[in-house]
Amino acid sequence: MSAIADESPPGRTHDVVEPGAPQAVPDVGPTNHPPEPAITSTLDVDGPAHAPNTGISPGIAAARAHADHTSLPPELWLEIFRYATCVPGTRTIAPADPFIPERPANYAWGMNTATQSMRTKCALVRVSRAWRALATELLYEHVVLGSSRRVQLFCRTLVESQEMERKIMAACGGGSDTPLGHGRWVRHLEVLRWARKIQTAQYWQCLVRSVYMSPKLRVFSGLWQNPLPQGVFPALEQYLPSTLQELYWQQDSVILAAKELPILTTPFLAKFSTLRVLDLRKIRILDAERSLPDVKFVSLTLPHVVYLALPTCPIVLRFASMQDMPALRYFILDADGAPRTVWASWVAKELTNFLEHHGAKLTTVELLPATTQSFRPGPVGISAFLSPTACPNLDTLVGTTGTSMPLLEGAHPRLRRVGIRGTGISRLYPNKPSQAQAHLSVLVGCRALFPALEVVRTLGFLVGTSTDPFAPDVFIWWTERFERVGVDLQDGEGVVWMLEEEKASEKVPEKEATAVLEPANENMGEVAAEAAVDEKVSVEERPDASAKSTLAAQSPRD
């Protein structure tokens, strides 16, 4: 058996290592170590029901004395391994709920990287035969093919694992099942075609063969820098399993006139009836303006697509408008993929057409960077989605501070959550007007237009991690404005920051204050100075001047 090596420099290890021939699954746990001595219990089993000074019964104590880590079932071991090697975005490319509370970064216990995760997986399969049998599927669960050598070695590994499994089946009396080898564990296959040298025919043959030998593939991500050679796209269409659930397609410098984007002009997507996630946000078409009047798309039915991500491109928006997606709920519009010379009027027209077909089904809309590649303002504002006729069932709207101010036509009856990205404490000072303040002021001043609004959250901004000493006071000033209209303003951690009122029981009576010992009076000057500083840094607009400057983090009401 061969081990997949990498021609890239150390530090980038998406490599897939061949762990060896499949092994039978014995009792889980390392078998290379001598058995641990049994722990004898000094408790008298025939004595009292509970040992003195403990709440543990003798029966439970005896069971614990003879229990060790080898008694865990394989399912629990697999979950432990999966947790230790978890990397976001490896098992699914579906977008997460943007309102999941964020947590301050802890670099000691931070997220795994792809390199660290692969090193841990390679270490797990080397512990023992039992652990190898369990952790092999994690090793092949997410495969990244970023070079020609990786593609060839991965294909060779799959072929050799099938041959080894076929020999084992023949030695055991044969069987009618087709050997799958390690390809049975591949769930997410990611192809990065960024190599500078021209790919040979052997590269494409190994790539298509690897797809063919991964029959249980669930996620396919293709990142293409150049158009695919003739014959490769039909081969992918033929050998990708029909049970594919998630598809990510990125292609640069596309010229539609030369038919370089067959994923939109052929019935390729119709094969995948179980497709749930369709991400086309990074498709960049160069001749969008010239090809828009002439391009023809095929109308397909995608019954299970729930998540759809598109670029701010009129051609891709027109393609999405022509498809039947009855289960669509989550829509992402990425302005970063807009052509440099895009016509805003065409984009607005195609977006209106898209919302006419699918707007009533959308419950969550997310607008990504509000500036295009050339740092121009994005051609789409959030007002296009706030119209009660465009998205009547919209529940969650996420935008950035760079979007234009909404021009509201009427009240939206169901909008419940609003997320604002790109907000920092420097943009929230009342004496420094900014686009972020304009958005917050509209949500406060036009509260009657959003009768169901409950939460406004500054996504990505955590007050507790800000180095500005006045960040809590400034954020509380905005929190109180939203509180007057019945809306919770939360930071990225999901916390409502408020001032804690001084309790009457904490007030010191005058008689007790005069009875304080003289040594304590020596510090009165320092206490008075600190009180003056607290009064100075408090927000001037606060009507209650006697409020205590103690911050309390309350849980969100939703």
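In this predicted model, the count of aromatic pairs comes to 17. A pair of aromatic rings is described by the distance of the centres and the angle of the planes.

**Trp 77 and Trp 131**
- The ring centres of Trp 77 and Trp 131 are 5.1 Å apart and the planes stand at 50°, so the pair is tilted.
- Trp 77 belongs to helix H2 (residues 74–84) and Trp 131 to helix H4 (residues 129–139), so the pair ties together parts that lie 54 residues apart in sequence.
- Trp 77 and Trp 131 are both buried.

**Tyr 307 and Tyr 330**
- The planes of Tyr 307 and Tyr 330 are at 45° and their ring centres 5.5 Å apart, so this pair is tilted.
- Strand E7 (residues 307–311) contains Tyr 307 and strand E8 (residues 330–334) contains Tyr 330, so the pair ties together parts that are 23 residues apart in sequence.
- Tyr 330 has a relative accessible area of 7% and is therefore buried, as the cut-off for buried is under 20%.

**Aromatic cluster**
- One aromatic cluster is formed by Tyr 203, Trp 204, Trp 224, Phe 233, Trp 249, Phe 268 and Phe 272.

**Charges over rings**
- Arg 184 lies over the face of Trp 185, at 5.9 Å from the ring centre.
- Over the ring of Phe 99 sits the charged end of Arg 417, 4.4 Å from the ring's centre.

How values were computed: Residues are numbered from 1 along each chain as its sequence is written. This is a predicted model: local features need pLDDT of at least 70, side-chain atom pairs count only at pLDDT 80 or more; totals for chains, interfaces and linings use all residues. Side-chain values use heavy atoms; hydrogens and water are left out. Rings of Phe, Tyr and Trp (its six-membered ring) pair if their centres lie within 6.5 Å; planes under 30 degrees apart count as stacked, over 60 as edge-to-face and the rest as tilted. Helices (H or I, at least four residues) and strands (E, at least two) are DSSP runs, numbered from the N terminus. Buried means under 20% relative accessible area, exposed over 50%, partly exposed in between (1.4 Å probe, protein chains only). A charge sits over a ring if NZ of Lys or CZ of Arg is within 6 Å of the ring centre and within 35 degrees of the ring normal.
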